[in-house]
Amino acid sequence: MAQLPFARYSKGFVSLINVLAVTGIGATIVISLLWLALGSSDNHLLLLRSMQARNAATACAEVALQEIQNTTTYSGTYSLTINDIECSYTVTIGTGEEREVTASSTHNGVTRKIEIEITQINPTIIISSWQEVADF
């Protein structure tokens, strides 16, 4: 039986195709892992910014509470810069000793907001509610 001219090379072609297939699969896996790493890095950065905005909003709220403790008639809207992050808070006087404090901070496009309900300010501040909210 006569051998076709390319038959003696068929084992080499099969090996070459296997090598190319394995290389393609490996390249796909590497690209997928790099893509996932970039996405994870973005998520981590967003989480970090969110935590920094929340911490600044909490610090603003704490400053508001200290001001209420210092001056029981304290009210209004104020802005602060804490660790290069701007935040603002508003103290609203309600009935009797009731107060509402709203504080917010935005850091690189991420905003966090806190709302605090106070039922008593003398002799100590009693907080009935402290929660993070989507909007005031």
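Strands E1 and E2 run antiparallel and are joined by seven bridges; two strands are taken to pair if DSSP finds at least two bridges between them. Helices (H or I, at least four residues) and strands (E, at least two) are DSSP runs, numbered from the N terminus. The model is predicted, so local features need pLDDT of at least 70 and side-chain atom pairs count only at pLDDT 80 or more, whereas totals for chains, interfaces and linings use all residues. Residues are numbered from 1 along each chain as its sequence is written, and side-chain values use heavy atoms, with hydrogens and water left out.

E1 and E2 form a hairpin with two residues between them. In the turn, Asn83 has a positive phi of about 50°. Within the strand pair, Tyr78 has Tyr89 of E2 as its bridge partner.

The side chains of these two tyrosines also pair. Rings of Phe, Tyr and Trp (its six-membered ring) count as a pair if their centres lie within 6.5 Å; planes under 30 degrees apart are stacked, over 60 edge-to-face, and the rest tilted. Two aromatic pairs were found in a search of the whole structure. In one of them, the ring centres of Tyr74 and Tyr78 are 5.0 Å apart and the planes meet at 20°, so this pair is stacked. The rings of Tyr78 and Tyr89 have centres 5.5 Å apart and planes at 35°, and this pair is therefore tilted. It links Tyr78 in strand E1 (residues 76-82) with Tyr89 in strand E2 (residues 85-93), distant parts of the chain that are eleven residues apart. Tyr74, Tyr78 and Tyr89 together form one aromatic cluster.

Accessibility was assigned by relative accessible area (buried under 20%, exposed over 50%, partly exposed in between; 1.4 Å probe, protein chains only). Tyr74 is buried at 12%, and Tyr89 is buried at 3%. Tyr78, at 30%, is partly exposed.

The search of the whole structure gave one disulfide, defined as a pair of cysteine sulfur atoms within 2.5 Å. Such a link is a covalent bond between the sulfur atoms of two cysteines. Here Cys60 is joined to Cys87, with an S to S distance of 1.8 Å. The link of Cys60 and Cys87 is right-handed, with 75° about the S-S bond. Cys60 is buried, with a relative accessibility of 0%, and Cys87 is buried at 4%.
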